[in-house]
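Okay, thanks for coming, everyone. I'd like to walk you through a few local details, so let me put the sequence and the structure up.

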2 protein chains.
Amino acid sequence: MNSTIFSTREAASFDQLIVQEVAPRDGLQIEPTWVETADKIALINGLSTCGFTRIEAGSFVSPKAIPALRDGEAVFQQIERQAGVIYVALVPNLKGAERALSARADELNLVMSASQTHNRANMRMSCESSLAAFDDIVRRALAAGARLNATVATAFGCPFEGRIDEDRVIGIVDAYREMGIEGITLADTTGMANPRQVARLVARVLEALPAAALTLHFHNTRGLGLANVLAAYESGARRFDAALGGLGGCPFAPGASGNICTEDLVNLCDEMGIPTGIDLPKLLALSRGLPALLGHDVPGQVAKAGRNCDVHPVPDYVRQI
Amino acid sequence: MNSTIFSTREAASFDQLIVQEVAPRDGLQIEPTWVETADKIALINGLSTCGFTRIEAGSFVSPKAIPALRDGEAVFQQIERQAGVIYVALVPNLKGAERALSARADELNLVMSASQTHNRANMRMSCESSLAAFDDIVRRALAAGARLNATVATAFGCPFEGRIDEDRVIGIVDAYREMGIEGITLADTTGMANPRQVARLVARVLEALPAAALTLHFHNTRGLGLANVLAAYESGARRFDAALGGLGGCPFAPGASGNICTEDLVNLCDEMGIPTGIDLPKLLALSRGLPALLGHDVPGQVAKAGRNCDVHPVPDYVRQI
């Protein structure tokens with residue numbers, strides 16, 4: 001395989017990297033402070049004008065399980081939808097799917113963990129039960145004309161079981177596709193993936209799946225998020241989840257990182273010449289409003305340090321040397 | 001160029017990646033809180049038992065310019081030197097070199113910026129004046145039997161001038177080598193490099209320089225530090241600076257990152273199968289002592305999140321599902 005990213009030869013151009021913004025869902029879901037419905041809507045409306053083609057705007061999970069996102073209906077009904085933007089909703093079960101479809105979600109995202117133990121911890125059922133429950137959701141969504149995506153959580157590692165066998169992940173991807181689910185997300189739910197593992201698994205999955213159907217979801221828990229993106233991109237992946245400000249993860253571990261940070265990813269792409277279609281200055285302005293909205297600092301670094309290409313005025317004393 | 005890192009084919013083995021630990025110098029130099037000489041010595045002694053072959057242990061700069069490191073002599077004289085570890089000192093001028101040699105530094109590291117503006121801001125002189133001053137230092141060091149390294153600061157970008165012309169960097173590397181300086185460091189002083197640029201410049205420099213003589217020094221200012229390491233490694237670089245805890249950078253910007261974090265880098269290498277010879281659990285224990293020593297949180301992530309390979313106990317409720 002030739003390296004297209006790190007190559008010392010100039011490539012004529014890079015393929016576009018598509019970013020799905022997930023802060024309104026995967027970012028806000030674990031925030032301890034309630035974010036007002038109007039603020040969620042304003043955030044999504046702001047994101048809708050930055051050039052994204054996909055935004056995961058909320059979830060339709062039990063309000064007892066995730067109170068932070070209990071206003072999913074109001075959010076989906078009141079956002080200003082931009083043409084060309086797909087608004088995605090995470091749904092855990094048929095009831096959630098019905099709610100999401102009523103609220104006019106464009107795409108439903110289903111989740112099951114590759115790890116039995118993690119699926120039991122997260123979904124309170126076995127993987128077999130999860131898969132069986134997907135059947136009704138898929139039928140209902142297709143009948144309603146909605147798009148479908150399904151996520152393989154803990155695809156690169158489970159905090160309880162450790163490394164996940166690749167064949168198991170491939171098997172789940174196949175099962176999803178056989179059910180009629182078009183989009184597949186491989187999620188590194190707790191930030192355990194490394195670039196070499198990512199390159200290998202992505203290459204295997206893309207033997208059977210078109211790149212347009214595959215999303216990679218990385219967390220930056222151990223600082224490897226952007227390196228994993230480059231490894232996946234080099235293996236042919238083109239769609240990535242990322243969260244404004246790097247929101248997500250665990251809010252009770254100060255300094256611990258959540259999702260890969262959207263503006264840090266777009267800055268990387270801008271610097272490397274990989275087109276994203278996303279307006280970085282607009283995104284940075286939105287990100288810089290997050291600490292006031294959430295009441296705490298966020299992990300994203302470019303919003304603090306500025307873009308690579310931003311230069312500073314020369315100090316006066318230097319002019320005199 | 002074939003990708004050796006992200007390749008989907010299994011490589012028989014990776015070459016060793018050599019980490020030079022720089023926390024005692026580049027990390028501590030900007031700490032606002034005074035770190036006692038005994039604590040510096042204890043830190044370096046601890047690092048000396050982790051498997052490093054190179055530690056930048058201090059600098060011999062004017063105590064007025066960098067008061068945090070004004071005890072360089074005492075540190076170098078009192079540390080317990082381990083066989084096989086090279087203890088490096090940063091020196092800005094001939095006076096600093098004399099002090100470092102008296103204190104038995106094994107290697108002197110000289111610094112000049114590729115950017116004229118940055119060199120004037122940092123060293124208060126032009127690049128030409130810096131280079132001219134190196135001559136005496138080199139002669140003195142070689143006469144004393146010390147090793148020599150010289151750093152090209154702002155090699156990938158200057159906060160005042162922006163992108164630096166590659167030919168200029170190559171010209172400085174050539175000038176260093178012609179003076180008799182064996183080791184060369186390319187430093188991304190303010191975290192402006194991107195992986196593509198790194199791969200290209202490293203490949204060019206290694207056309208004339210053996211990999212054993214080249215060190216890369218990255219900051220994680222915009223979250224690209226480890227991605228830049230992989231790009232450089234893939235282009236043939238094998239030696240990297242890193243700081244315990246990710247110390248360095250600007251202590252007045254909370255959350256902004258400094259040097260790439262040693263334990264995060266070693267964790268990445270362990271996961272990818274790149275040997276470093278460094279004992280990660282020992283390193284993590286040292287890193288976890290930094291917040292108490294410095295009075296603030298540090299950017300390193302693996303010390304907070306644990307290694308990728310650490311698994312957690314399964315919650316009781318899961319066993320009952």
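Predicted model: local features only at pLDDT ≥ 70, side-chain atom pairs only at ≥ 80, totals over all residues.

**Two helices in chain B**

So, let's begin with helix α7 (residues 166-178) of chain B and helix α8 (residues 195-205) of chain B: their axes come within 11 Å and cross at roughly 35 degrees. Axes here are lines fitted to C-alpha atoms, for helices over the stretch in contact, with angles from 0 to 180 degrees between N-to-C directions. Helices (H or I, at least four residues) and strands (E, at least two) are DSSP runs, numbered from the N terminus.

On the α7(B) side, the contact (heavy atoms within 4.5 Å) is made by E166(B), D167(B), V169(B) and I170(B), and on the α8(B) side by R200(B), L201(B), R204(B) and V205(B).

Residues are numbered from 1 along each chain as its sequence is written, chains are lettered from A and ligands numbered from 1 in the order in which they are written, and side-chain values use heavy atoms, with hydrogens and water left out.

Staying in chain B, I41(B) sits in helix α2 (residues 37-48). Is I41(B) buried or exposed? Buried, at 10% relative accessibility; the cut-offs are under 20% relative accessible area for buried, over 50% for exposed and partly exposed in between, with a 1.4 Å probe and protein chains only. Beyond its neighbours within four places in sequence, I41(B) touches A74(B), V75(B), Q78(B) and I79(B).

**Over to chain A**

Here's strand β2 (residues 54-59) of chain A, with six of its six residues buried. Strand β1 (residues 18-21) of chain A runs parallel to β2(A), joined by two bridges, and E21(A) stands opposite I55(A). Pairing takes at least two DSSP bridges between two strands. On to strand β3 (residues 86-90) of chain A: five bridges pair this strand with β2(A), again parallel, and E56(A) has V88(A) as its bridge partner.

Last one: R104(A), in the loop between α4 (94-102) and β4 (107-113) of chain A, has a positive phi of about 65 degrees. Most residues other than glycine have a negative phi.
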